[in-house]
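Me: I'm new to this one, and I'd like to go through it step by step. Could you take my questions as they come?

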Amino acid sequence: MDIIFNCGNCGQRIVVDEAGAGLATECPKCGQSLTVPQAATLPQPKPPVPANEIARYRAFPWRWIIGAASALVLASAVVMVRQDQKIKALEQRVADLERAVGQLRGSVAGVAGMASHAERAVRHTPVPPDSSQRWNGP
Ligand SMILES: [Zn+2]
């Protein structure tokens, strides 16, 4: 296996057999004195992205979209619950108002009843004979 490294001076790519690791050499291009690095000290090429990482990155937007969608669903559910509560409160208020209207109608009817009773009482009041307005009776 070869050790591949670059000249620190000119950047020339140098290939040395691994048997030369740690030995002094010269750059074939610029003549710079170099020490062949140990294979292990070479910067390792970027390891391929693990499959699960790719899956995670690919899944990420979907997860985000699903998360956003479920957040929206949750928010709209909360809004619906709030609207439902609002509607229930309004229905309660309407029921209260209807009850109040019913009570008012009852009082109006009571007043009307009292009025008609009073009217009847007035009508049944004997009219003095000398009154110019004769009462013909019911
Ligand atoms: Zn060089």
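Me: Which of the elements of the protein has the lowest mean pLDDT, and which the highest?
Reply: Helix H1 (residues 51-124) has the lowest mean, at 81, while strand S4 (residues 33-35) has the highest, at 92; pLDDT is the predictor's confidence in each residue, from 0 to 100. This is a predicted model, in which local features need pLDDT of at least 70 and side-chain atom pairs count only at pLDDT 80 or more, while totals for chains, interfaces and linings use all residues. Residues are numbered from 1 along each chain as its sequence is written.

Me: And the protein overall, what does its pLDDT average?
Reply: The average is 80, and 76% of the residues score at least 70.

Me: How do S1 and S2 pair?
Reply: Strand S1 (residues 2-6) and S2 are antiparallel, with five bridges; two strands pair if DSSP finds at least two bridges between them. Ile4 has Val15 in S2 as its bridge partner, and Asn6 stands opposite Arg13 in S2. Six residues lie between the strands of this hairpin, where Gly11 takes a positive phi near 80 degrees.

Me: What about S2, how many of its residues are buried?
Reply: The count is zero among the five residues of strand S2 (residues 13-17), which is hardly covered. For the protein, 2% of the 138 residues count as buried.

Me: Switching to Met1, why is it exposed?
Reply: Met1 is exposed because it has 7 other C-beta atoms within 10 Å. Met1 is found in the segment before S1, and its C-alpha atom is separated by 5.9 Å from that of Glu18, 17 residues apart along the chain.

Technical notes:
Buried ≥ 20, exposed ≤ 12 C-beta atoms within 10 Å, placed from the backbone. Helix = DSSP H or I, 4+ residues; strand = E, 2+ residues; numbered from the N terminus.
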